[in-house]
Each structure stands twice: as structure tokens, then as C-alpha cells.
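Take a look at this chain with me.

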Amino acid sequence: MASRFTARVKETPQSEQYRLDLIAGLTHELIPLKSVDAAIEALPPSSKVSVTCSPVKGIDTTIELTDRIRAAGHMAIPHISARMVEDADHVARIAAWLRTEDVGTMFLVGGDADPPGAYPDAISFLRDLLDADPGLRTIGVTAYPDSHPLIDTDVLHEALHAKQALLAEAGVAGYASTQMCFDSGKIVSWLERERAAGLTLPIHLGVAGVVDRSKLMTMGVRLGIGSSLRYLKKNRNAIGRLLTSASFDPNKLLVPLSPHLEPLAVEGLHCFTFNQVDATVSWQKRVLES
């Protein structure tokens, strides 16, 4: 399908309001680092918080941090990395925790652990997790508009649709949360192709928060956004639009995307804060109050 995207398309009052509603309800991603204490303190009341699974600290740390964030009054969404799950007993323990604590929503990633445990990919773990009765109402899965440094694009496409089918068969709601991508045209064309191919899952668009520019650039490759960063380096207009100041402004990406967000069923924003929550919250308030 040919992309209909053009950066010259202007926001309508309706598309502007839709963008603002997404900003108001964004999900803050936190990383289990020393800086997480200050990040939790900076969260607005009753925030939605996505808790990453550190390849160094493991799933138990994600579980502990999820419990802590929930105890502070927030909705916490743990990331579970399939390649870090040891065996069927480990699946049962994870499922029991999810069910007993009524976590409700989980985000599933394949992960980068090498060598993996019992599960080489997300979908093989997902089958066993669903069989273990985790009590989940919603499961998020990964999506890659800007490709993946280690996985072929066709494989990513097939895996995304297989996960959608498995969730539908289990009667569990799902969504697809994207990697960070700074090329708005690529986001739209990718999602148009996926919609045409039968993807019906709501999209949570992955965007950088108001993050220091140097941190954003140095963390990029670790998050699988290398090709998007190369796009920035090659495209001076994009650099001028997105990285003119010391920190990234999410609206530099969201405003051009605004007319496409509702038609393509982008229903959430997943904000990569790198634990710099205070700056993102301040930006969010300014945008919503202006």
C-alpha cells in the first residue's frame, strides 16, 4: 500500500484533541537503575508505568519493582523477557504472581539473553504462559516499524500476527507497542501495511520522553533504533525538526503524525523516559495547559 503520509498535513481540531488525549494518558517506562527512586517520586498520582526487564538484573527485579510501584498507587505493567525464563516451573511461578497479585496487564518481549533459557522467542513462552492461567486481562507485544538489528523484517511481521492470533484464541485483549522511531513517514507506512495485512491490535506508539539529547543518542543502539538514528544523521530536515534543543520534544514527532493517529488506531503512547520522569511530566503539563 502506498503511504499517504505527508509532513505538510495540518492538524484539525479533532486530531489535535486526539493527540492531547494520548499525551494526557501516556505510559512512563522506567528502568531498574539507581535513578529509579527519583523517577518514582516524580510520577504523577495514579500513573501508568511500564517496568523494563533488565538483562543484567533479571525478572525477579522487574517483579519487585512492579510490586513497589503498585504499592505507591500506580498501575504498573511488568515487562517479561521470554529468553530469560528458565523453564516450565519458572513460567508457573510468574503466572502465580501475576494471578495472585491481580496484575492485569503484562508486556511481553523476546529479549536479548544469550544463550536463552527454555524459550528462544516470545511466542513459545506466550503459549505456555497462557496455559498456566496467569489471570491477565491484557498482554502487550512488541512491534518494529524501524526493523530490528538482529531479526529479519518478515520474521517480525509473521511473529506479530501469530501473537495476535494466539491472544484472540485465548480471549485475552492485546496491544502492540512500538520501538522508538523518529521517522514519522516510516511509522505511517509500516502501520498502513500491517493494517492492510490484517493487524487489528491497538497500537501504543513508542516515543522518547523529554530526554537529554546525548543520553538519547547513546542509548539508541541498545534499544534497537540504530537505523532510525542513522535516518536522523542523514536527514538534516529531521535533525532540525527533532534535535534542535538540548532535549527531545515528543511533539516534534507527534504533531506531524497527528492526522494519522486515530484513523490507524494508535490508542496509547509508550514513553521511554530513561528515568528522566520529571522533565517529561513538566512537558506534559505545559502541553496540556497551553
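A pocket here is an open set of points on a 1 Å grid over the protein atoms alone, with protein on both sides within 12 Å along at least five of seven lines, and its lining residues have an atom within 4 Å of a point. This is a predicted model, where local features need pLDDT of at least 70 and side-chain atom pairs count only at pLDDT 80 or more, while totals for chains, interfaces and linings use all residues. Residues are numbered from 1 along each chain as its sequence is written, and side-chain values use heavy atoms, with hydrogens and water left out.

So which residues line the second largest pocket? Ala-24, Gly-25, Leu-26 and His-28 are among them, along with Pro-44, Pro-45, Ser-46, Ser-47 and Lys-48, and then Val-281, Gln-284 and Lys-285. Helix α12 (residues 277-289) gives the largest share, three residues. Helices and strands are DSSP runs numbered from the N terminus (helices H or I, at least four residues; strands E, at least two). The pocket holds about 150 Å³ of space, a volume taken as what is filled by probe spheres set on the points, which are joined across faces, edges and corners.

Zooming out, the chain has twelve helices and eight strands. Of its 290 residues, 53% count as buried, meaning under 20% relative accessible area with a 1.4 Å probe, protein chains only.

Now for the inside. A nonpolar core is a set of buried Ala, Val, Leu, Ile, Met, Phe, Trp, Tyr and Cys residues joined through side-chain atoms within 4.5 Å. The largest one has 66 residues, and Met-106, Phe-125, Leu-129, Ile-139 and Leu-205 have the most contacts inside it. Helix α5 (residues 122-131) supplies the largest share of this core, six residues. Apart from it lies another core of twelve residues, including Leu-30, Val-36, Leu-65 and Val-281. Val-281 also turns up in the pocket lining.

Where does Gly-209 sit? Look in the loop between β7 (203-208) and α8 (213-220). Gly-209 counts as buried because its relative accessibility is 0%. Leaving out residues up to four places away in sequence, Gly-209 touches Phe-248, Pro-250, Cys-271, Phe-272 and Thr-280, a contact being heavy atoms within 4.5 Å. Gly-209 and Pro-250 are 41 residues apart in sequence, yet 6.2 Å apart in space, C-alpha to C-alpha.

Last stop: helix α11 (residues 251-261) is mostly covered, with eight of its eleven residues buried. Among them are Asn-251, Leu-254, Ser-258 and Leu-261.

Key: Buried means under 20% relative accessible area, exposed over 50%, partly exposed in between (1.4 Å probe, protein chains only). On a 1 Å grid over the protein atoms alone, a cavity is a set of points where a 1.4 Å probe fits but cannot get out, and a pocket is an open set with protein on both sides within 12 Å along at least five of seven lines; lining residues have an atom within 4 Å of a point.
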